[in-house]
Amino acid sequence: MEDASTATALWWAVVASGVYHGINPGMGWPLAVSAALMERGAGALYKALLALAAGHLLAMAMVLFPFSVMVTLVEWQRELRIGAAVLVIGLGVYLLINRRHPRFLARVPPSRLMLWSFLAAMAHGAGLMLVPIYLGLCDAAAQEAGHVAAARLMGSDALRAGLVALAHTLAMAASGGAIAVGVYYWLGLAFLKKSWFNLDVVWALSLIVVGAVALFASH
Amino acid sequence: MNLRPDPTFHATPKLAMEAPAETLAFTLMLSPDGSRPDGLAVVDVDPTSKTYGQIVHQVIMPNTGDEFHHFGWNACSSSLSPLSGHAFLERRYLIIPGIRSSRIYIIDVKEPLKAKIHKIIEPEEVFAKTGYSRPHTIHCGPEGIYVSTLGGGGPDGTDGPPGIFIMDCETFEILGRYEMDRGAQDKQYDFWWNLPRNYMVSSEWGLPPQYENGIVPEDLLSNKYGHSIHFWDLRARKNVQTIDLGENHQMALEIRPAHDPAKEYGFCGVVVDTTNLEGSIWTWWRKEDGTFEAKKTVTIPPQPAAADDLPELLKGFEAVPPLVTDIDLSLDDRFLYVACWGTGEMHQYDVSDPMAPKLAGKVELGGIVKGTKHPNGKAFGYGPQMVEISRDGKRVYWTNSLYSTWDDQFYPGERGAAMVKADVGADGGLTLDKDFWVEFPEGYRAHQIRLEGGDCSTDSFCYPSV
C-alpha cells in the first residue's frame with residue numbers, strides 16, 4: 001500500500017512541476033497573450049498555447065525516453081538513480097553560478113513558437129527536473145509488481161515516460177493558459193509586470209532539491 | 001539583478017504613458033573644438049523643484065575629442081519581451097559613444113546626482129572586434145545592446161561599410177557585428193525595429209569624409225549622401241529589402257516606427273531635397289505580403305532669403321532650407337515632432353492617419369535668417385535640433401546643436417548651447433515654456449536628451465496598447 005501512495009505522491013509531483021513551469025513567464029505564457037493581442041483575436045492565444053505545449057512536450061519526451069530505455073537495466077538501477085540525481089543537482093548548481101541568459105534563444109523568430117518552447121525548456125533543464133520523479137515512479141511500479149522487476153518490459157517504461165511527459169505538459173499548458181486567458185480578458189498587461197518574479201535562483205534551487213531528494217531516496 | 005521587473009519597464013506604450021512623469025533629464029555636452037572633455041549634464045525638469053531647469057550634476061569625461069552625439073540605455077521596456085525576456089535587468093547605465101573618437105562610455109546613473117563613469121571601451125577595442133568605427137544610435141534588443149556605426153575600418157572609416165554591432169547588456173563586452181547579409185547597405189545612420197514582428201529598419205547619412213570636417217557641398221549637389229532605407233529580418237540578421245527614396249532625397253536620418261507593435265508603419269526624416277531644398281517626412285509601411293513600401297507624406301518648403309543674410313554655403317541659393325535633422329514620435333503614435341534646424345522651427349504633425357500628416361502646432365525659435373528669440377528674451381543659437389518627448393506626451397524638450405563642424409558652416413560663429421521645453425495642448429498645439437531655459441557651462445554645445453525612466457526614442461515595446 002505504501003508503494004501505491006508513493007506512486008500517487010509522485011504523480012502529483014509530475015502535475016505540480018507542470019503547474020510550476022506553466023506559471024513561469026519564462027516558459028512562454030506571455031507569448032500567448034502577445035499573439036492574441038497582435039492578431040486581434042483569442043484564436044491566436046489558443047494556437048500559441050498549443051505550439052508552446054507541443055514544444056514543451058517534445059522537450060520532456062526527449063529527456064525522459066532515454067531514461068526509459070536505461071531503466072530496463074535492472075542491475076544498474078541504483079547507479080542510474082544516483083547518476084540522474086547528480087546530473088539534476090549539477091545543472092541546478094550550474095544555473096546558480098551562471099546566471100546569464102542563453103543568448104541563442106534570442107535568434108529564434110517569433111513565428112517559431114514550438115521551437116522556441118522546446119529550446120527554452122531544454123535550456124532551463126525543465127525536462128531534467130522530471131527525471132528523478134519519473135525514476136521514482138518506475139521504481140514504485142516495480143515494487144508493486146512484487147519484485148518481479150526482471151519481467152519489466154521496456155514498453156511499459158516508455159509508456160510511463162510518455163504519460164509523465166503528457167501529464168506534466170497538460171498541467172503546464174493548463175496553468176500557463178489560465179494566466180494567459182486571465183491577462184487577455186480581465187487582468188490586462190499591467191499584470192505581467194506585477195506577476196513576473198525573478199525565479200532564476202528558485203528554479204536552480206528546485207533542481208537541486210529534486211535531485212537531493214532523489215539521491216537520499218535511493219538509499 | 002532585480003527580483004521584480006524594473007519599474008521603468010512597461011509592457012505597452014500606453015502603460016508607459018501612465019507612469020510617473022520624468023523629474024530629470026540627461027543631456028550630452030560637447031566641446032566643439034575638442035579643447036575640453038565632453039560631458040553629461042543632469043538637468044532638473046521637476047517643475048516643483050527649486051532647481052527646476054538647472055544642471056544639478058555633471059559627469060565630465062577623462063578624454064578630449066570624443067564628440068558626443070546620440071546615446072541610450074543599457075535596458076528598456078524591451079526587457080519584458082515574451083521571447084527573450086530579461087525582465088530583471090536594471091535601467092541603470094547610459095551608453096554614450098564618442099562619434100568622433102569611437103570611444104564608448106558606460107555611465108552609472110543609479111544615483112543620478114552622483115552619476116559616474118562605470119566603464120570605458122577604448123576605440124581600439126571597437127575597431128578590433130567589429131571593423132566598424134564612429135558608434136552612434138543605441139537600442140536594447142533581443143541579443144543585447146545594438147549600436148549603429150557611421151564608419152567602417154581604417155583611419156577615415158571607409159575601409160568596408162559601416163554597420164551595427166552588438167554589446168552584452170550586462171558586461172558591456174562587444175560581441176561582434178550584427179549583419180550576416182547586408183545586401184545593398186553601404187552607409188548607416190539610425191535604426192529601429194518592431195520586435196514582435198521581427199523586422200528592423202535602418203537609414204543612411206554619409207561616410208565619415210562626407211561629414212567629419214563639415215558638409216561637402218559637391219557631394220551634396222551630386223547626391224552622394226545616403227538616400228535609401230533598409231529593411232531587415234531582425235533575428236535572421238539579413239537585409240530583405242532596400243528602398244531608394246530617390247537620389248535627390250539626401251540624408252535619410254531618423255527612423256521612428258509606431259511605438260505600438262501592432263502597427264506596421266513608421267516614419268523617416270529626409271534632410272534636404274537637392275532639386276528644391278525641401279525637407280520631407282516619409283511614411284514607410286509593411287504590406288500584407290511582408291514587403292515594404294515608402295511614400296513622401298510631408299514636404300516643408302525652403303524660405304526665401306537675401307544672400308547677405310545667408311552663410312557662404314547657402315548664398316547662391318537665396319533661400320534657407322528647413323533642414324529636417326531630427327524627428328520624434330509621441331508614445332500614443334499621434335504627434336510627430338519635426339525639427340527644422342535651418343529655418344528655426346519645430347513642427348508638430350498629427351499623424352493619426354500616418355499617410356496624411358496634418359500640421360497641428362509650430363514654434364519658431366532661432367534659425368539661420370529669422371533668429372527668433374526665446375519668450376524669455378534670450379537669443380537661441382542655431383535652430384531646434386535634437387528633440388525628445390516626455391512619455392505622457394505633454395512636454396517636448398530640445399537642444400540646438402547639429403554636429404560641431406556643420407554648426408559652424410550653417411551658423412558661423414559660436415552661438416552657445418541651449419535646451420528648452422514646450423508644452424503640448426490637449427488636442428495638439430505647442431507653446432514654449434518661458435520659465436524653462438537651461439544654462440550650460442561656457443564653451444559647450446548641447447546634443448541629445450534622454451529622460452529619466454525612458455522617453456519616446458529609447459523604449460521598444462513588445463505588446464500592443466489595448
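Q: Which residue is the bridge partner of Y146(B) in β10(B)?
A: In β10(B), Y146(B) has I166(B) as its bridge partner. This is a predicted model, in which local features need pLDDT of at least 70, side-chain atom pairs count only at pLDDT 80 or more, and totals for chains, interfaces and linings use all residues. Residues are numbered from 1 along each chain as its sequence is written, while chains are lettered from A and ligands numbered from 1 in the order in which they are written.

Q: What makes β9 and β10 of chain B a pair?
A: Two strands pair if DSSP finds at least two bridges between them. β9 (residues 144-151) and β10 (residues 164-167) of chain B have 4 bridges in the antiparallel sense, so by that criterion they pair. Strands here are DSSP runs of E with at least two residues, helices are runs of H or I with at least four, and both are numbered from the N terminus.

Q: Why are β8 and β11 of chain B said to stand at the edges?
A: The open antiparallel sheet has the order β8-β9-β10-β11 (chain B). β8 (133-141) and β11 (174-177) each have a single partner strand, so one side of each has no neighbour in the sheet.

Q: What makes residues of chain B count as touching chain A, and how many are there?
A: Contact requires C-beta atoms, placed from the backbone, within 7 Å. The contact takes 28 residues from chain B and 25 residues from chain A.

Conventions. Two residues are in contact if their C-beta atoms, placed from the backbone, lie within 7 Å.
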